[in-house]
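Dear colleague,

Please find below the structure that I am handing over to you, followed by an account of what was found in it.

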Amino acid sequence: MRIAGPIKFGVVIVLFLLMGYLAFQIFEIKIDGNFKSIFARSQDDVQVRTTKSPKYKCGLAKPCPENHFAFKMASGAANVVGPKICIEDKIIMSGVKNNVGRGINIATVNGRTGELLDTKVFDLWGADVKPFNEFLKTLKEGTIVFMATYDDAATKCRSCWRIFQQKKQFVWREILDDNARKLLSELGSASISNLSFRDNWIFVGAKGIQSKSPFEQHIKNNKDTNKYEGWPEVLEMEGCVPPKKEEKP
């Protein structure tokens, strides 16, 4: 009987040590697995960071050739969100900058240096087309023009509210006259002759261009296809504009 006591005590000690050993082994495996998992995740993070696409000017998908001017632009969205023009990684015109408005929004750039020359907004719905035409005539040879419409840029409503109350419909007339369309065509536009009420249009052209510009988009206002009630969807465009070449003497 006296021997049974020490034997039981020894068995308890052995079991205790065995359980401790097993617990330590499990804990060690778990710790080792966690470290491996953490290391694997850190390796994945490094790979993701190293394979992340580089950022190009104005958020373009690929870099522009040397000495070309990167741009990205969008037309207005209905009469709610204004257009946006980015040139050489700088937001030139936008609703946030509070320098856009109804009509045709224009940024002009020196075709040789890429220097911003001016920004203008011509509200052709509420004003006359003559100041717009005069502005186009003053453009110097080699000047690059970036244009984006907002709300409406081709028509004018005369006494709209009075007529609407009488006839229950708006009556407007084309404000973008033949002279304006000719001047824009000379800047390289191929679609300007078709621009009409609430169409969306974005365009990059140049004074003295010898052919039609490859940078132009136009979408008609069509009640069957409009994305917004009364207006077509937003147009977006990006690209690289070559500089104006120095004229040989």
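Please bear in mind throughout that this is a predicted model.

I begin with Thr149, which is in strand β6, made up of residues 144-150. Leaving aside its neighbours within four places in sequence, Thr149 touches Ser75, Gly76, Pro83, Gly103, Ile104, Asn105, Asp199, Asn200 and Trp201. One of these residues, Trp201, has its backbone nitrogen 2.9 Å from a polar atom of the Thr149 side chain. Is Thr149 buried or exposed? Its relative accessibility is 1%, and residues under 20% are classed as buried, so Thr149 counts as buried.

Strand β6 also has a place in an open sheet of five strands, whose order is β5-β4-β6-β9-β10 and whose pairing is antiparallel. The edges of the sheet are β5 (116-122) and β10 (216-219), each of which pairs on one side only. On average, neighbouring strands here are turned by 15° against each other, direction ignored. As background, the strands of a sheet pair through backbone hydrogen bonds, and they may do so in a parallel or an antiparallel manner. Between β4 and β5, which run antiparallel, there are six bridges. Thr108, for instance, has Asp118 in β5 as its bridge partner. Lying across β4, β5 and β6 is helix α2 (residues 130-137), which runs at about 160° to β5.

Another helix, α4, spans residues 178-186, and its buried residues include Ala180, Arg181, Leu183 and Leu184. Why do they lie on the same side of α4? The arc that they cover around the axis is only 160°, which puts them on the same side of the helix. Just after α4, Gly188 takes a positive phi of about 115°.

Two residues other than glycine also have a positive phi. Asn98, with phi near 60°, is in the loop between β3 (90-93) and β4 (103-109). Its relative accessible area is 67%, and the threshold for exposed is over 50%, so Asn98 is exposed. Arg198, with a phi of about 60°, is in the loop between α4 and β9 (200-206). Arg198 has a relative accessible area of 22% and is therefore partly exposed.

Finally, I turn to the disulfides, of which the structure holds two. In general terms, a disulfide is a covalent bond between the sulfur atoms of two cysteines.

The pair Cys58 and Cys86 has its sulfur atoms 2.1 Å apart. The torsion about their S-S bond is about -85°, so this disulfide is left-handed. Because Cys58 lies in the loop between α1 (4-51) and β1 (69-74) while Cys86 is in strand β2 (residues 84-87), the pair ties together parts that are 28 residues apart in sequence. Both Cys58 and Cys86 are buried.

In the pair Cys64 and Cys240, the sulfur atoms are 2.0 Å apart. This link is left-handed, with -85° about the S-S bond. The pair links distant parts of the chain, 176 residues apart: Cys64 is in the loop between α1 and β1, and Cys240 is in strand β11 (residues 236-241). Cys64 is partly exposed, with a relative accessible area of 23%.

Yours sincerely

How values were computed
Residues are numbered from 1 along each chain as its sequence is written. This is a predicted model: local features need pLDDT of at least 70, side-chain atom pairs count only at pLDDT 80 or more; totals for chains, interfaces and linings use all residues. Side-chain values use heavy atoms; hydrogens and water are left out. Helices (H or I, at least four residues) and strands (E, at least two) are DSSP runs, numbered from the N terminus. Buried means under 20% relative accessible area, exposed over 50%, partly exposed in between (1.4 Å probe, protein chains only). A polar contact is a pair of N or O atoms within 3.5 Å; within protein, one must be able to donate a hydrogen and the other to accept it, and residues adjacent in sequence count only if both atoms are side-chain atoms. Contact means heavy atoms within 4.5 Å. The arc is that of the directions from the helix axis to the C-beta atoms. Two strands pair if DSSP finds at least two bridges between them. Axes are lines fitted to C-alpha atoms, for helices over the stretch in contact, and angles run from 0 to 180 degrees between N-to-C directions. A disulfide is a pair of cysteine sulfur atoms within 2.5 Å.
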